[in-house]
Amino acid sequence: AETDATVLILGETGTGKELLARAFHRRSGRSGRLVSINCSAVPENLIDSELFGHVRGAFTGAERDKEGLFRAADGGTLFLDEVGSIPLQAQYRLLRVLQEGSLRPVGSDREISVDVRVIAATSVRLDEEVAAGRFRHGLLYRLDVIRVMLPPLRERPEDILFLFGHFLRELSEHHGVPRPEMEDRFLDAFQAYDWPGNVRQLENLSERIMLTQP
């Protein structure tokens, strides 16, 4: 956490990859902020502008300059969730930023230096994406400096009650309602369940329990 090394977090959807990225950033000592983007939620024709920014008039609808997320994260950390969904051309530009520490906004001829630590995450096998020609092997090598495997919740049952208690404490404060009392058989069933939606499912169920308790 206390280095500037790029981190690649691997794990199923909902395992808490962004929570882990936030923990890395908090421990990093970097002065800037953490900026996050879910790459799979950005249309292919807009990903360059979102990441690297653009200048006014760069394309139809570009009525003003846009900073881009790399510049917004300057001095801090950029978290690229579902990095495997970035289109190939944008992958090339991302690789160049990681190599050179500078970027060129869409439509600009000016290079801008940035100091950004990148933490990437994916729920797909990037080596298979490379073999299929959908992900650049050079970018994979740049991202995969520190690899963290985040197991699904079903493989770490010792975390279930800890996380459940944590969510209940936060939700109790947020909603201003008391924490419910749980019977042992209920907690045993919690630990025996396989949680296909992982930590996200547990958090959502915790809120439902909190808000529907008698």
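Select F164, F186, F190, Y193 and W195: in this predicted model, these residues form one aromatic cluster.

Buried or exposed? F164 has 3% relative accessibility, so it counts as buried. F190 is buried too, with a relative accessible area of 6%.

The structure holds 6 aromatic pairs. For another one, select F52 and F70. The ring centres lie 5.8 Å apart and the planes meet at 15°, so this pair is stacked. It also joins distant parts of the chain: F52 belongs to helix α2 (residues 47–52), F70 to helix α3 (residues 69–72), and 18 residues separate them. Both F52 and F70 are buried.

Next, switch to cartoon view and find the sheet. It is open, with 5 strands in the order β2-β3-β6-β1-β7 and parallel pairing. Which strands stand at the edges? They are β2 (34–38) and β7 (146–149); each has a single partner strand, so one side of each lacks a neighbour in the sheet. From one strand to the next, the twist averages 15°.

Zoom in on β3 (residues 77–81) and β6 (residues 117–122). These strands run parallel and are joined by 4 bridges. Pick L78: opposite it, in β6, stands V118.

Last stop: helix α1 (residues 17–28). This helix packs on the sheet and touches β1 (7–10), β2, β3, β6 and β7. Its direction makes about 165° with that of β6.

How values were computed. Residues are numbered from 1 along each chain as its sequence is written. This is a predicted model: local features need pLDDT of at least 70, side-chain atom pairs count only at pLDDT 80 or more; totals for chains, interfaces and linings use all residues. Side-chain values use heavy atoms; hydrogens and water are left out. Two strands pair if DSSP finds at least two bridges between them. Helices (H or I, at least four residues) and strands (E, at least two) are DSSP runs, numbered from the N terminus. Axes are lines fitted to C-alpha atoms, for helices over the stretch in contact, and angles run from 0 to 180 degrees between N-to-C directions. Contact means heavy atoms within 4.5 Å. Rings of Phe, Tyr and Trp (its six-membered ring) pair if their centres lie within 6.5 Å; planes under 30 degrees apart count as stacked, over 60 as edge-to-face and the rest as tilted. Buried means under 20% relative accessible area, exposed over 50%, partly exposed in between (1.4 Å probe, protein chains only).
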